Amino acid sequence: MTRVALDLAAVAAFLVTRHGAALGDAAIDIRPLHGGLCSDVALITARLRGGARPRRVALVAKLVDGAREAAVYRRLSTSVARRFSPELLGAQRLGRRRWLLYLERIVPAHPWPWTDSAHTARVLEQLARFHGETAPGAALPAWDYEAESLAAARGTLSVAERLPRGEIPALARAMPALRRVVAALPAMRRQLLAFQPLGTTVIHGDVHPGNVMIRRRGGVAEPVLLDWARARVGSPLEDVSSWLQALGYWEPEARRRHDTLLAGYLAARGLAPALTRPLRDVYWFAAASNALAGALGYHLSIVSIARDSRAGQPGAASDARAAAARNAADWLRVIRRADACWS
């Protein structure tokens, strides 16, 4: 997002309306924030006049397609998730489908808190509270996620089949499993969504370290989940496996304590913390669903792009390819586990 992507007059009007103060000359600063794959996000800071002394305020602006995400944040404001999600401060319609969301700015207490397993477990405890409270589909706009996820899975398989096998050694070994899991995905998801006593509820839909921060409020460290664009009705295990698998790639301690953390989530839901074979099976079906919904395809695409551009930028292309290949290999491990559970 750049300065020209925003209507500064509209932003100024929003700030004045919200804070009841005038803006000084050149008072608004807009800085792009990086990390989102599907949306434009910027940090807005403003200097307000009024009162005994000028004030500075900061908020996040997110440019999105459609009104769905604004509806999701309004739904969160009436649930327990209001304690661990950014507040929706306002929304402006920019055209037939484009919306600008104004969100509370979350200031992280630590750039990487996940070496402390207590923080990792706290995220699962908050998810357990959210999953335990919400009713399936309550006030959420409709989304045919099953059709979209199957299309994404088939797209991932198509990218994998076009890649030369030598690009990612793990891919050659995993291709048979990948084909079987994509073919079985609708049946896997039916079994996952029917699994009791977890069933279905409203989920975040994209829990990974880039979407979770630890902030301090009132002297207490608490997790905050960002980017609720993929919130939907689904299995709670989609959130749990997304968090444990994505974090485990970066944080060895989280991978070592995987079973303990998973059992802790079940206990927080008031369930027996027993990792039975049926539970493990659907857990890996959830993890494979997450992989095929975009994560694996994204990294395979990066490998493909880096391969094509190596002649022009050998250093950058090689580094990007190596990082993406490692990530893809980790998600292929998940695919093989799901395939073994299905067989």
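This is a short tour of one predicted model, stop by stop.

Residues are numbered from 1 along each chain as its sequence is written, and side-chain values use heavy atoms, with hydrogens and water left out. Because the model is predicted, local features need pLDDT of at least 70 and side-chain atom pairs count only at pLDDT 80 or more, while totals for chains, interfaces and linings use all residues.

**Stop 1: helix H2**

Select residues 68-76, helix H2. Helices (H or I, at least four residues) and strands (E, at least two) are DSSP runs, numbered from the N terminus. H2 is mostly covered, with seven of its nine residues buried. Buried means under 20% relative accessible area, exposed over 50%, and partly exposed in between (1.4 Å probe, protein chains only). Colour the buried set: Arg68, Glu69, Ala70, Val72, Tyr73, Arg75 and Leu76. Now show what covers them, including strands S3 (55-65), S4 (88-93), S5 (98-104) and S9 (232-234), along with helix H3 (117-133). Contact here means heavy atoms within 4.5 Å.

**Stop 2**

Move to strand S7 (residues 212-217) and strand S8 (residues 220-225). The two pair in the antiparallel sense over six bridges. Pairing requires that DSSP finds at least two bridges between two strands. Pick arginine 215: its bridge partner in S8 is glutamate 222.

**Stop 2: aromatic rings**

Show Phe, Tyr and Trp side chains. There are eight aromatic pairs in the structure. Rings (for Trp, the six-membered one) pair if their centres lie within 6.5 Å; planes under 30 degrees apart count as stacked, over 60 as edge-to-face and the rest as tilted.

Zoom to tryptophan 143 and tyrosine 145. Their ring centres are 5.2 Å apart and their planes stand at 80 degrees, so this pair is edge-to-face. Tryptophan 143 is partly exposed at 26% relative accessible area, whereas tyrosine 145 is buried at 5%.

Next, select tyrosine 249 and tryptophan 250, an edge-to-face pair at 4.9 Å centre to centre with 90 degrees between the planes. Tyrosine 249 is partly exposed at 23%; tryptophan 250 is exposed at 55%.

Then pick Phe84, Phe130 and Trp228, which form one aromatic cluster.

**Stop 3: back to tyrosine 145**
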